[in-house]
Amino acid sequence: GIEPIVIFDGMVEPLKMGTTKKRRRLSCMSVDSVLRYVRQHDGMPRNTDFVLPMGATETVIDAFLEERCCCRTALYEADCDLASASLGASLGVLSNDSDI
């Protein structure tokens with residue numbers, strides 16, 4: 001059968017800290033915009049509004065662990081760990097990372 005190996009990004013690399021802070025600031029602004037819109041329109045968000053819920057990553061990790069999947073967290077970016085895990089094995093790599 002298929003045995004998934006789930007590898008998450010770890011810490012933010014020092015060189016990417018500025019970009020990460022900027023993305024998080026934009027994400028907070030997006031949440032604020034969605035909440036403001038919902039308050040003004042009787043609790044109905046726009047079809048284009050999407051905000052990843054707080055704790056989503058932890059919930060996904062818990063679900064994988066509950067299914068007894070092998071879960072790891074890379075020291076920094078998971079790219080190298082993903083490549084290493086796929087070497088010499090007949091498996092695919094599924095990622096939602098914008099860098100890959």
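Trainee: Let's start with charged side chains. Which residue forms a salt bridge with K16?

Mentor: E77 does, and the closest N and O atoms of the pair are 3.3 Å apart. To count as a salt bridge, a Lys or Arg side-chain nitrogen has to be within 4 Å of a carboxyl oxygen of Asp or Glu, so this pair qualifies. Keep in mind that you're looking at a predicted model.

Trainee: What does that pair tie together?

Mentor: Look at where the partners sit. K16 is in the loop between β1 (5–8) and α1 (17–40), while E77 is in the loop between β2 (70–73) and α3 (79–86), so the bridge links parts that are 61 residues apart in sequence. Both partners are partly exposed: E77 has 22% relative accessibility, and K16 has 30%.

Trainee: How many salt bridges does the structure hold?

Mentor: Two. The other pair is D32 and R36, with the closest N and O atoms 2.5 Å apart. Here both residues belong to helix α1, four residues apart, which puts about one helical turn between them. D32 is partly exposed at 39% relative accessibility, and R36 is partly exposed too, at 41%.

Trainee: You keep naming elements. In what order do they run from the N terminus?

Mentor: The order is β-α-α-β-α, which gives three helices and two strands.

Trainee: What about C71: where is it, and which residues is it in contact with?

Mentor: C71 is in strand β2. Skip its neighbours within four places in sequence, and its contacts are V6, F64 and L65. At 24% relative accessibility, C71 counts as partly exposed.

Trainee: Zooming out, what radius of gyration does the protein have?

Mentor: The protein has 17 Å, whereas a compact globule of 100 residues would be near 13 Å. The C-alpha trace spans about 55 × 35 × 20 Å along its principal axes. As for the inside, buried residues make up 13% of the 100 residues; buried here means under 20% relative accessible area.

Trainee: And how much of the contact pattern joins residues at least 24 apart?

Mentor: Take the contacts between residues at least 6 apart in sequence: 61% of them join residues at least 24 apart.

Trainee: Last one, the surface. What do carbon and sulfur atoms contribute, and how far apart are the mean positions of the charges?

Mentor: The accessible surface comes to about 8400 Å², and 57% of that belongs to carbon and sulfur atoms. The protein has 11 positive and 15 negative charges, and their mean positions lie 10 Å apart.

Definitions and conventions: Residues numbered from 1 in each chain as written. Predicted model: local features only at pLDDT ≥ 70, side-chain atom pairs only at ≥ 80, totals over all residues. Heavy atoms only, no water. Rg over C-alpha atoms; globule rule 2.2 N^0.38 Å. Buried < 20%, exposed > 50% of the residue type's maximum accessible area, 1.4 Å probe, protein only. Contact = heavy atoms within 4.5 Å. Areas by Shrake-Rupley, 256 points an atom, 1.4 Å probe, with all protein chains shown as cover. Lys, Arg positive; Asp, Glu negative; His and termini not counted. Charge placed at Lys NZ, Arg CZ, Asp CG, Glu CD.
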